[in-house]
Amino acid sequence: MNDVFDDSTLTEIAHLICGDEAPLLYRKGYEIAAFFQRAGWDDVPEYDGSTPRHKWARELLKERQEDGMDDAERAILRLANRLEYYNQQQEYHATLKRLNEVLVLDGRRIGEDGGQLVLVRCEAGFEDEVRRLPRVELKVSVTEVVSDPELAATVQLRLDEARICYEHGAYTSAVIMLGSLLEGVLAHAAQTRAAGARMPKPLRNMGLKDFLDFAYENKWIEHDAKLASELIRQCRNLVHPLAEKQTGHTPNRDTLDMCWPVVNATLNDLAATVTAPPGPPSPRAPDDRGRGRTPNASVQRPTPASVARRRPGGGVAANT
């Protein structure tokens, strides 16, 4: 990226490298020098102990940046590298979380490109503000859309995994998860709601496009959800590497910011159009064929006269 980092950003990065606060990974002076070497720095001086470790690390970062080198970027990416945290998962996650909180204030964040860690541009702001996912809020739970408990648990897991992928820059994986769960809930709707409806083809032969068309034709989802879901369908097909090569597009954060609200809107529509389960059958009218009435005659509502004839102690009045 080769852009200049703000001094305050470099100060915070130096603190993260030193790891003075738990649960960050603590590094001694000589370990900091070794860290810079693993980050790809040349001619790293030894730490002589004359200044606090974080000030020494900060000055090195600042000097390299002023010399027009991208060593600060290399150090940041090394901080986010799992190889720095062998058997120290807690320290890794704490560092990565804090690192992104620092970087996002400077308009950057950790991402991935072809499996390699990279710094990507983003809207500058506080982490919880910049990382807001849906513009269309998910107003329902998965169990309101999927009646099968086991399938609902699977769909919820994929939704959770998509969010984890999004937060860690694995955008291709995230959009594949979204497309997968979308097809799953639409297939469930077709299977459970389509009584009496003519299926366009056998259920096992239907794909995401078929399910979207079928759901729209049956008014389970609205037109905007159907149209916008085409983007998810196209991106979901990137599960095949050859498809990604042919399209020349790799999903990024903007892709997910467009796809996620579509999933939310579709789930909202499906929940809003769930048919209430049928109630218990109405009791059948008594068979009056022996009394000269038609078999299908409806049961007559009681009248004041008939009620009077059945009052306690009054017996049944004789018809006049």
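Thr 266 sits in helix 12. Because its relative accessible area is 0%, Thr 266 counts as buried. Keep in mind that this is a predicted model.

Now for the wider surroundings. The largest nonpolar core has 42 residues, and those with the most contacts inside it are Val 145, Leu 178, Val 185, Leu 186, Leu 256 and Leu 270.

| Element | Residues |
|---|---|
| helix 7 | 149-167 |
| helix 8 | 171-193 |
| helix 9 | 208-217 |
| helix 10 | 223-236 |
| helix 12 | 253-272 |

Helix 8 supplies the largest share of the core, 12 residues. Val 185 shows how this looks up close: setting aside neighbours within four places in sequence, Val 185 is in contact with Val 145, Val 146, Val 155, Leu 267 and Leu 270. Another core, of 35 residues, lies apart from this one and includes Leu 24, Val 44, Leu 79 and Ile 110.

Finally, meet a pair of helices. The axes of helix 1 (residues 7-18) and helix 4 (residues 71-79) come within 11 Å and cross at roughly 45 degrees, so the two helices are oblique to each other. Helix 1 passes helix 4 in a left-handed crossing. On the helix 1 side, the contact is made by Leu 10, Ile 13, Leu 16 and Ile 17, while helix 4 brings Ala 72, Ile 76 and Leu 79. The residues of this contact divide into 7 nonpolar, no polar and no charged.

Notes
Residues are numbered from 1 along each chain as its sequence is written. This is a predicted model: local features need pLDDT of at least 70, side-chain atom pairs count only at pLDDT 80 or more; totals for chains, interfaces and linings use all residues. Side-chain values use heavy atoms; hydrogens and water are left out. A nonpolar core is a set of buried Ala, Val, Leu, Ile, Met, Phe, Trp, Tyr and Cys residues joined through side-chain atoms within 4.5 Å. Buried means under 20% relative accessible area, exposed over 50%, partly exposed in between (1.4 Å probe, protein chains only). Helices (H or I, at least four residues) and strands (E, at least two) are DSSP runs, numbered from the N terminus. Contact means heavy atoms within 4.5 Å. Axes are lines fitted to C-alpha atoms, for helices over the stretch in contact, and angles run from 0 to 180 degrees between N-to-C directions. Angles under 35 degrees count as roughly parallel, over 145 as roughly antiparallel, 65 to 115 as roughly perpendicular and the rest as oblique. A crossing is left-handed if the near helix is turned anticlockwise from the far one by less than a right angle, and right-handed if clockwise. Ala, Val, Leu, Ile, Met, Phe, Trp, Tyr, Cys and Pro count as nonpolar, Asp, Glu, Lys and Arg as charged, and the others, Gly among them, as polar.
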